[in-house]
Amino acid sequence: MSDTLKIQSIPVSRRDSFNTRDTRTRNLKPFNSGDIKVLLLENVSAKAVDILKKAGYQVEFHTKALDKETLIEKIKDVHAVGIRSKTKLTEEVLSHANKLLTIGCFCIGTNQVNLNYAASRGICVFNSPFSNSRSVAELVIAEIILLARQLGDRSREMHDGVWNKVSKSCYEIRGKTLGIVGYGHIGTQLGVLAESLGMHVVWYDILPVMPIGMSRTADSMDELLAEADFVSLHVPETPETKNMIGEREISLMKKGSYLINASRGTVVEIEALAAALKSGHLAGAAVDVYPSEPLANGPGFESALRNCPNTLLTPHIGGSTEEAQRMIGIEVANSISKYINSGGSVNAVNFAECDLRAIPETDLTTIRIVNVHQNVPGVLKQINNILADYNVNKQISDSKGDVAYFMADVTVNDHSEINAIYEQVTAMNENIITRVLMSSETMGIREELLKRFIESGERERLQEILRSKLHSSGWQDRVKDRCQRVVHENTEGIEKLTVDDMAEEVTPYARSAVPEDVKTEILEDIRAFIFRALPESEN
């Protein structure tokens, strides 16, 4: 019997062909990388810990940030690190991260990470830009009401044993104007909540944004500052936003207005704000972020804003709710797991966002190549020349700045071909990181079959291993399901439609390095096994 199998299939339309694809997909894992180790700091969500442990990773969890020396020592041996806002991943720290593949910032901001240096070392950074938007918006709404009623001062006086019932300079917020600087995810939610309380909303952003509800845009930030009763800042930390609100900008604000900063600590000049509060130009302020913040809870916080009148100071807790932390944990942990296991970089901060559709569960010969390289001419030509002798099922490439990202699904016949591709790609001068991702059970079948066959030629033992592996990985059930579908759809040619078709998916394990004089027997063994899975009425 020839080892060339003729595959026949039931004619279907292009639409039907798409709809009848096997929706089950293979779970990939890194090849030749050992156990994946993850370091999680700053008490990230327990949900994140659970997700990463279930992914099979070794997770080391700490409730606090580590000092620089300890962090450098820990980061040498991990593949992923999860942080919040206090841990600083500088060039010095990252230069010791010899195995690091990805960083998860379990927060909105990423200014605590040297993003460009991380990218240059092939380290993909993820964050959670949307998950705590509601929590921050609700905190700002609470602060607006607290400031308008001077509740912070009244509460402190009561704790000091002072009864001070006053109504002077205490206001309702209905009818007041809220000015939002930065009309992004938090700013838009804040605007919706403020309007529901009867406030007028005006906003300013450097990007053209569609207004929500009855809000309107200001032509300039100066115009917004002069009009608003309350000014709330929601901008990222960039060179352009550093000290964006200083003495000049505060002087433009209405006398008796209020300033709220729940964005980044470097956005407001603290000394200028303190002076405006003490002089009475501003009626109050709420600040949640600071230019310099303590690394751990406890005494020692110093700021010129302490003891300023009607001033609410909170310890960077804008996104610190159970709901927000849980959602952040889920989002970032899944991003880390997906990047490590399948190479997807969607929602990356410092990488081009790339992804490929999943490999079907029934495809046991495809591996995924992921490569980070310098963004210079000629690299894709080199990679495609290396892959020219293989069947490339799909590929994608994109770049961001000086770093480019490439992904490809490639059909291989044996372990030596995987090594050959890996060695050639990593040998490129422009290579930063190359990884091979594959199904562990697939390569387990292939390696064990070929090794046992080549070394001993024990065909009965090979057949036993094959049946055991196929059974454990769900192949028997899939074969039965597929056979049953063929019986219902077309009762003619059952052996051609089913046995040959399914055998073709298994036989790559018997193709490479198998002597010709026994290949036919191996194929017969596989075909016999599959045929036995047919419904009894058709056997």
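**View 1. Arg306 is partly exposed, with a relative accessibility of 40%.** In these terms, buried means under 20% relative accessible area, exposed means over 50%, and partly exposed lies in between (1.4 Å probe, protein chains only). The structure shown is a predicted model, in which local features need pLDDT of at least 70 and side-chain atom pairs count only at pLDDT 80 or more, while totals for chains, interfaces and linings use all residues. Residues are numbered from 1 along each chain as its sequence is written, and side-chain values use heavy atoms, with hydrogens and water left out. The side chain of Arg306 meets that of Glu302 in a salt bridge, at 3.5 Å from N to O. A salt bridge is a side-chain nitrogen of Lys or Arg within 4 Å of a carboxyl oxygen of Asp or Glu. Glu302 counts as exposed because its relative accessibility is 62%.

**View 2. Lys394 and Asp409 form a salt bridge.** The closest N and O atoms of the pair are 2.8 Å apart. The pair links distant parts of the chain, 15 residues apart: Lys394 belongs to strand E15 (residues 391-400) and Asp409 to strand E16 (residues 403-411). Helices (H or I, at least four residues) and strands (E, at least two) are DSSP runs, numbered from the N terminus. Lys394 counts as buried because its relative accessibility is 13%. Asp409 is also buried, at 0% relative accessibility.

View 3. Glu157 is partly exposed, with a relative accessible area of 21%, whereas Arg154, with 16%, is buried. The whole structure holds 18 salt bridges. Elsewhere, a network of salt bridges links Lys37, Asp77 and Lys99.

**View 4. Seven strands form an open sheet with parallel pairing.** The order of the strands is E9-E8-E7-E10-E11-E12-E13. E9 and strand E13 (311-313) are at the edges and each has a single partner strand, so one side of each is left without a neighbour in the sheet. Two strands pair if DSSP finds at least two bridges between them. Strand E7 (residues 177-181) and E8 pair in the parallel sense over five bridges. Leu178 has Val201 in E8 as its bridge partner.

**View 5. Helices H8 and H11 lie against strands of the sheet.** Helix H8 (residues 185-196) lies across E7, E8 and strand E10 (230-233), and runs at about 175° to E7. Helix H11 (residues 270-279) packs on the sheet and touches strand E11 (257-261), strand E12 (282-287) and E13. The direction of H11 makes about 140° with that of E12. Axes are lines fitted to C-alpha atoms, for helices over the stretch in contact, and angles run from 0 to 180 degrees between N-to-C directions; contact means heavy atoms within 4.5 Å.

**View 6. Strand E17 (residues 431-438) is largely enclosed.** Seven of its eight residues are buried, so the rest of the structure largely encloses E17. Strand E14 (residues 366-374) runs antiparallel to E17, and six bridges join the two. Val370 stands opposite Arg435 in E17.

**View 7. Ile328 sits in helix H12.** Ile328 counts as buried because its relative accessibility is 1%. Leaving out residues up to four places away in sequence, Ile328 touches Phe106, Cys107, Ser128, Ser131 and Asn132. The C-alpha atoms of Ile328 and Val44 are separated by 8.8 Å, although the two residues are 284 residues apart along the chain.

**View 8. Asn307 and Asn347 have positive phi values.** Most residues other than glycine have a negative phi. Phi of Asn307 is near 70°. Asn307 is in the loop between E12 and E13 and is exposed, at 66% relative accessibility. Phi of Asn347 is near 75°. Asn347 is in the loop between helix H12 (322-342) and E14 and is partly exposed, at 40% relative accessibility.

**View 9. Ile206, Leu207 and Val209 form a nonpolar patch on the surface.** Together the three residues have about 310 Å² of accessible area. Patches are made of residues with over 30% relative accessible area and no salt bridge; like charges are joined within 9 Å, and nonpolar side chains (Val, Leu, Ile, Met, Phe, Trp, Tyr) within 5 Å. Accessible areas come from the Shrake-Rupley method with a 1.4 Å probe, and for residues only the protein chains shown count as cover. Val209 is in the loop between strand E8 (200-204) and strand E9 (216-217). Val209 counts as partly exposed because its relative accessibility is 31%.
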